[in-house]
Amino acid sequence: MARIYRENEIDESILKGPVIAVVGYGSQGRAQALNLRDSGFNVVVGLRRGGKSWSLASSEGFQVYEIPEAVERGDVILFLIPDTEQPTVYEEYIKPRLSQGKSLCFAHGFNVHYEVIKPPKNVDVFMVAPKSPGAKVREMYLQGKGVPALVAVYNDYSGKALQKALAIAKGIGCAKAGVIETTFKEETETDLIGEQCVLVGGLMELIKKGFEVLVEEGYQPEVAYFEVCNEAKLIMDLIYAGGLTGMLRGVSETARYGGLTVGPKVIDERVKENMRKAVQRVRDGSFAKEWIEECATGRKRLAALMKVMESHKLEIVGKEMRKLAGIES
């Protein structure tokens with residue numbers, strides 16, 4: 001059974017006073033910096049000088065420093081730039097200034113779990129991973145609510161790393177929704193497996209193949225788009241609000257019966273076997289190795305795959321249908 005922390009169980013005073021240096025001011029960086037400051041924490045922001053983020057953070061009232069100075073000033077460094085940029089920034093700007101007793105906090109475990117980044121033993125290393133994009137983290141905080149988060153400890157030099165991670169989670173509002181204790185390994189692997197097999201890869205291929213079958217069987221592409229793609233959001237909204245059972249109760253009896261009887265024949269045990277192969281590639285590091293090499297060689301394969309996707313008939317028809325419906329300008 002997972003250990004889930006709620007707001008009244010967390011004492012955030014351990015980080016009320018120390019300087020928290022938020023490195024990065026993108027989706028997560030901006031949301032977490034604003035929420036922590038509004039929760040009474042002492043926050044500075046570390047960025048490359050001259051960018052749009054520098055102007056934005058300054059205009060929103062933060063003391064903004066170049067990354068090396070922010071790291072030197074910070075007792076806790078929230079490392080909130082994209083995973084692909086982290087190794088270079090870490091080696092050049094953070095590692096040389098990560099002195100004994102400081103804390104390094106990640107929002108995703110990839111680089112630490114796969115040892116792309118190897119923090120020293122004399123600092124606390126932990127993770128606070130909100131289960132939502134940064135914009136939603138801020139939106140829910142402003143509503144007096146929060147999004148769930150995962151916390152994990154990789155290196156507990158001070159003996160208080162978990163306490164610090166929970167304080168950050170509470171400061172950004174996540175304890176209102178619940179904070180689940182995990183490990184860097186579990187967070188990293190489940191995140192990759194989930195997005196590959198279900199959230200990004202699985203859903204995308206299911207929608208594509210549904211569209212292709214309908215069109216190949218002679219149905220109009222515009223009708224096929226609405227049936228397998230546009231309505232997917234409406235179904236996901238029902239699942240988000242009430243789970244699978246809630247969704248089933250929200251659709252017609254015909255849809256309910258057809259889904260329960262035909263769905264398992266389409267998405268069958270062969271799909272689970274394919275998923276297990278993906279799980280193995282994540283666990284043994286094969287996917288991470290492939291992705292790191294792809295990044296190092298200019299992401300050419302990713303760019304080529306994106307072009308193929310952009311030219312798919314589903315995307316061409318979908319763009320026109322979204323314009324027609326006023327969804328996309």
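**Nonpolar patch**

I looked up which helix gives the most to the nonpolar patch, and I found H9, with 3 residues. Helices here are DSSP runs of H or I with at least four residues, strands are runs of E with at least two, and both are numbered from the N terminus. The model is predicted: local features need pLDDT of at least 70, side-chain atom pairs count only at pLDDT 80 or more, and totals for chains, interfaces and linings use all residues. Residues are numbered from 1 along each chain as its sequence is written, and side-chain values use heavy atoms, with hydrogens and water left out.

I noted the members of this surface patch as Val198, Leu199, Val200, Leu203, Met204, Leu206, Val262, Val266 and Ile267. Together they have about 760 Å² of accessible area (Shrake-Rupley method, 1.4 Å probe; for residues, only the protein chains shown count as cover). A patch takes residues with over 30% relative accessible area and no salt bridge, joining like charges within 9 Å and nonpolar side chains (Val, Leu, Ile, Met, Phe, Trp, Tyr) within 5 Å. At least two patch residues come from each of helix H8 (184-199), helix H9 (201-216) and helix H11 (253-266).

I then checked Val266, which lies in helix H11. Val266 counts as exposed because its relative accessibility is 52% (buried is under 20% relative accessible area, exposed over 50%, partly exposed in between; 1.4 Å probe, protein chains only).

**Salt bridges**

I searched the whole structure and recorded 25 salt bridges. The criterion is a side-chain nitrogen of Lys or Arg within 4 Å of a carboxyl oxygen of Asp or Glu. Side chains of opposite charge can pair when their charged atoms come close.

In helix H9, I found Lys208 and Glu205 3 residues apart, about one turn of the helix. Their side chains meet in a salt bridge at 3.2 Å, N to O. Lys208 is buried at 14% relative accessibility, whereas Glu205 is partly exposed at 27%.

In helix H12 (residues 269-283), I found Arg276 and Glu273, also 3 residues apart, about one turn of the helix. Their salt bridge spans 2.9 Å, N to O. Arg276 is partly exposed, with a relative accessible area of 45%, and Glu273 is partly exposed at 42%. I also noted that salt bridges with shared partners join Glu12, Lys16 and Lys170 into one network. Within it, the side chains of Lys16 and Glu12 meet at 3.9 Å, N to O, and Lys16 is partly exposed at 35% relative accessibility.

**Packing of H10 and H15**

I looked up the angle between helix H10 (residues 221-250) and helix H15 (residues 313-324), and it is about 90 degrees, with the axes 9 Å apart. H10 is therefore roughly perpendicular to H15. Axes are lines fitted to C-alpha atoms, for helices over the stretch in contact, and angles run from 0 to 180 degrees between N-to-C directions; 65 to 115 degrees counts as roughly perpendicular. Contact means heavy atoms within 4.5 Å. I listed Pro221, Glu222, Tyr225, Phe226 and Cys229 of H10 as meeting Lys313, Leu314, Val317, Gly318, Met321 and Arg322 of H15.

**Gly61**

I located Gly61 in the loop between helix H2 (52-59) and strand E4 (64-66). Gly61 is exposed at 56% relative accessible area. Gly61 and Val44 are 17 residues apart in sequence and 9.8 Å apart in space, C-alpha to C-alpha.

**Whole chain**

I recorded 15 helices and 9 strands in the protein chain. Of its 329 residues, 39% are buried.

Definitions and conventions:
Parallel < 35°, antiparallel > 145°, perpendicular 65-115°, else oblique.
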